[in-house]
Amino acid sequence: MKVTVFGIGYVGLVQAAVLAEVGHDVCCVDVDAQKVENLKQGIIPIYEPGLTPIVKSNYEEGRLQFTTDAKMAVEFGEIQFIAVGTPPDEDGSADLKYVLAVAETIATHMQDPKIIIDKSTVPVGTGDKVSAKVAETLANRGAEIDYQVVSNPEFLKEGAAVSDCMRPDRIVIGTDSDHVKDVITELYAPFNRNHDRIIFMDIRSAELTKYAANCMLATKISFMNEMANIAEMVGADIEQVRNGIGSDERIGYHFIYPGCGYGGSCFPKDVQALVKTSEQIGYDSKILKAVEAVNDKQKSKLPELIKRHFGDDVAGKTVALWGLSFKPKTDDMREASSRVLMETLWAAGAKVQAFDPEAMEETQRIYGSRTDLALMGTKEAALNGADALVICTEWQSFRAPDFDLIKSELNEAVIFDGRNLYDPQRMADRGFDYYAIGRGLSI
Ligand code: NAD
């Protein structure tokens, strides 16, 4: 089938690549000319396991193309995916300007019927807005062409995006049209062989399903962080509590890890956007507001522990930081806890020596001009001469480090672990001051 994808970001590029990988012909279009040029030369803009080989091979074999030519892209596919960003507006609601711009572009250039599939995360009612924008643009042209607007929210996880798209848990489709159901069933058939993963529903329910899923996951994290803070104050160990509650299959072990707060491009903005949607309809979403407030506070947890340890005065201290991305296996630093940590330390006059297995270029892009940040080539180099080690991301390579080396490289044997990677008693036995989340205040 011939498919057009607007937006070559985390969602658009991965979706386009897996659709091409199973044999569809895919045209990717983006307004970022540099990104398009790079992709044509095999330079992939993001780090995502397994993505580079399928982008390169499908491009070389002609099933995947990249362009800035929107007219050509609209003409290309019967199916038009919208996978552009929906960043938070100033008031926290989702900014739909990119989504609506694409709707207008499609309607400006379409010559034959199109199925317009929204993959971006958008508030309930956006399907109607996209429909209205297409209708208005077609009317201005004096054109009468059939189109269907469909909601197909994306559930991929950064760091596992290719495998999530190849083997999705579910494919949620919001539509009332039988024709659309047939076309989408055919489009996704290669990903739907093991058992039927397609869940058809109405557009509004599909739009809300995405927010409900992300808000549920964010709620689990904030709930565990709240438990961790209570555990710390009552002298309990949240990791033992986690084991204790996870064994109940109604709760389960997934997604109940305490830490230094959630980040990324989705949870913070999607919780905020649903709070805003609720406000607009006159509903006070108490749980969601609390989820957000707990997370904001949790991101200050490590800087507070550091200040407490050093007697509130961190000016002139150098901190070694392991982990910059918002989670492992990605280079994405949007809303990462590491950013709050670094910015708080810099404001207090401290310096940072940082290492991340994948997010060094991204850090350079964001903070490259700072003189109080040194980007180090290895995790060991980041330790050299630092006054403390801080861990913000649970990369595999941080799980079993050489503790003797850490001790000899640091000026002081102190670790602030935002991801509970190590055992507090063993760390104490090794002679470290070890601060973790919800496990007691250094032993
Ligand atoms: P992104 O910022 O990585 O990519 C968006 C791309 O759209 C950019 O390359 C941008 O240049 C392009 N773009 C903007 N306007 C355009 C236009 N008019 N025409 C063509 N291209 C245009 O965004 P992302 O992380 O891929 O997220 C896209 C959407 O998917 C968002 O709504 C997001 O909430 C949702 N989502 C993201 C994830 C994730 O893990 N990143 C997961 C599920 C859903």
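The model is predicted: local features need pLDDT of at least 70, side-chain atom pairs count only at pLDDT 80 or more, and totals for chains, interfaces and linings use all residues. Residues are numbered from 1 along each chain as its sequence is written.

Glu60 lies in helix 3, residues 51-60. Helices (H or I, at least four residues) and strands (E, at least two) are DSSP runs, numbered from the N terminus. Glu60 and Phe326 are separated by 266 residues in sequence. In space their C-alpha atoms are 32 Å apart.

Phe6 is part of strand 1, residues 2-6. Phe6 is buried, with 28 other C-beta atoms within 10 Å. Contacts are assigned to two residues if their C-beta atoms, placed from the backbone, lie within 7 Å. Leaving out residues up to four places away in sequence, Phe6 touches Val29, Gln80, Phe81, Ile82, Ala83, Val84 and Val102. Phe6 and Gly261 stand 255 residues apart along the chain, and 32 Å separates their C-alpha atoms.

Helix 11 (residues 267-280) packs with helix 12 (residues 286-298) at an angle of about 145 degrees. The two axes are 9 Å apart. Axes are lines fitted to C-alpha atoms, for helices over the stretch in contact, and angles run from 0 to 180 degrees between N-to-C directions. Helix 11 contributes Val271, Gln272, Leu274 and Val275 to the contact, and helix 12 contributes Leu288, Lys289, Val291 and Glu292. Five of the contact residues are nonpolar, one is polar and two are charged. The crossing of helix 11 past helix 12 is left-handed. That term applies if the near helix is turned anticlockwise from the far one by less than a right angle, with right-handed used if clockwise.

Helix 11 has 14 residues. Its span from first C-alpha to last is 20 Å, close to the 20 Å expected at 1.5 Å a residue. The expected span is 1.5 Å times one less than the number of residues. Buried positions in helix 11 are Phe267, Pro268, Lys269, Asp270, Val271, Ala273, Leu274, Val275 and Thr277. These buried residues pack against helix 9 (203-234) and helix 12. Just after helix 11, Gly282 takes a positive phi of about 80 degrees.

Thr219 lies in helix 9. Thr219 is partly exposed, with 18 other C-beta atoms within 10 Å. Not counting residues up to four places away in sequence, Thr219 touches Ile287 and Val291. Thr219 and Asp312 are 93 residues apart in sequence and 31 Å apart in space, C-alpha to C-alpha.

Most residues other than glycine have a negative phi. Asp312 has a positive phi of about 70 degrees although it is not a glycine. Asp312 sits in the loop between helix 13 (301-309) and strand 9 (318-322). Asp312 counts as exposed, with 10 C-beta neighbours inside 10 Å. Glu335 is also not a glycine, and its phi is positive, near 60 degrees. The loop between strand 9 and helix 14 (337-347) holds Glu335. Glu335 counts as buried, with 20 C-beta neighbours inside 10 Å.

Asn194 is found in the loop between helix 8 (178-188) and strand 8 (198-201). Asn194 is exposed, with 7 other C-beta atoms within 10 Å. Asn194 and Ala132 are 62 residues apart in sequence, and their C-alpha atoms are 38 Å apart in space.

How values were computed
Nonpolar A, V, L, I, M, F, W, Y, C, P; charged D, E, K, R; others polar. Buried ≥ 20, exposed ≤ 12 C-beta atoms within 10 Å, placed from the backbone.
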